[in-house]
Amino acid sequence: MTELISVQGLHKAFGDLDVLRGIDFTVDEGTVTAVIGPSGSGKTTLLRSLNALDLPDAGVIRVADSTIDFSTRPQREAIAEYRAQSGFVFQNHNLFPHKTVMENVIEGPVIVQKRPVAEATADARALLDSVGLGDRLDSYPSQLSGGQQQRVGIVRALAMKPKVLLLDEPTSALDPELVGGVLAVIKDLASQGWTMVVVTHEIAFARKVADQVLFVDQGVIAEQGPPSDVIDNPTEERTIQFLRRLT
Ligand code: ADP
């Protein structure tokens, strides 16, 4: 397996609060990593560090073709290159409300990547088709359900052709009946071979789809391994307690 992400010694504080206190893990190409753990344990900060949405205080992180040592202040160009390796899907999708579905999706490819509009549009149409939104290209976000909006959020990230997809609690803002449709899209992407890191509270989903589970507690990875270990046979007391509280 080819390693696509490597994180070594990741630290991040917000003021006096040490949020990430030495995180190490790797992600192989074509695999799904689920990040689970209690609220406030640092999961989102960990994910955001992989896209430099939060800048770590220390740590060497490689994402695909870009490596940054965050203990020295990185150059802006290096951060831009690092950020371009991954696509980030936000909890609340962050779509532009005044743009149509198609306009939302092609914005990045056309404006940032300077790709021809016709090409970006054709790619976007194929992607939107693949998530069941081929007939909603001209809709505005407010005309879509939360689940449809989140699927557009996923397509918008995919349209930039990243090496890795990072998803931050992609279903936690959705009404329960809409969760399944979005999880099905993520599962489909996994079967297409996308490399993904997903922060999620959906333990059943993590068990089914993840190759690797990271259980984060108080800023460290307290337990990691395949779901058959971390979810079905956890050895750390903190993991056992966390999973017990969910059921
Ligand atoms: P999780 O995703 O596990 O719920 P987060 O990574 O969102 O945890 O947050 C971890 C801790 O860091 C929390 O205490 C949160 O309040 C704090 N935190 C996150 N982002 C910021 C920020 N931008 N400024 C200050 N504190 C933050």
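Arg 156 sits over the face of Phe 96, 5.7 Å from the ring centre. Lys 99 also lies over the face of Phe 96, at 5.9 Å from the ring centre. A charge counts as over a ring if NZ of Lys or CZ of Arg is within 6 Å of the ring centre and within 35 degrees of the ring normal. The model is predicted, with local features needing pLDDT of at least 70 and side-chain atom pairs counting only at pLDDT 80 or more, while totals for chains, interfaces and linings use all residues. Residues are numbered from 1 along each chain as its sequence is written, and side-chain values use heavy atoms, with hydrogens and water left out.

The structure also holds three aromatic pairs (rings of Phe, Tyr and Trp, the last by its six-membered ring, with centres within 6.5 Å; planes under 30 degrees apart are stacked, over 60 edge-to-face, the rest tilted). One of them joins Phe 70 and Tyr 82: the ring centres are 5.5 Å apart and the planes stand at 75°, so the pair is edge-to-face. Phe 70 belongs to the loop between strand 5 (66–69) and helix 2 (76–83), and Tyr 82 to helix 2, 12 residues apart. Helices (H or I, at least four residues) and strands (E, at least two) are DSSP runs, numbered from the N terminus. Both Phe 70 and Tyr 82 are buried (under 20% relative accessible area, with a 1.4 Å probe and protein chains only).

Another pair is formed by Phe 215 and Phe 242, whose ring centres are 5.3 Å apart with planes at 40°, so this pair is tilted. Phe 215 is in strand 9 (residues 212–217) and Phe 242 in helix 9 (residues 237–246), so the contact ties together parts 27 residues apart in sequence. Phe 215 is buried, at 0% relative accessible area, and Phe 242 counts as buried at 6% relative accessibility.

Definitions and conventions: Buried < 20%, exposed > 50% of the residue type's maximum accessible area, 1.4 Å probe, protein only.
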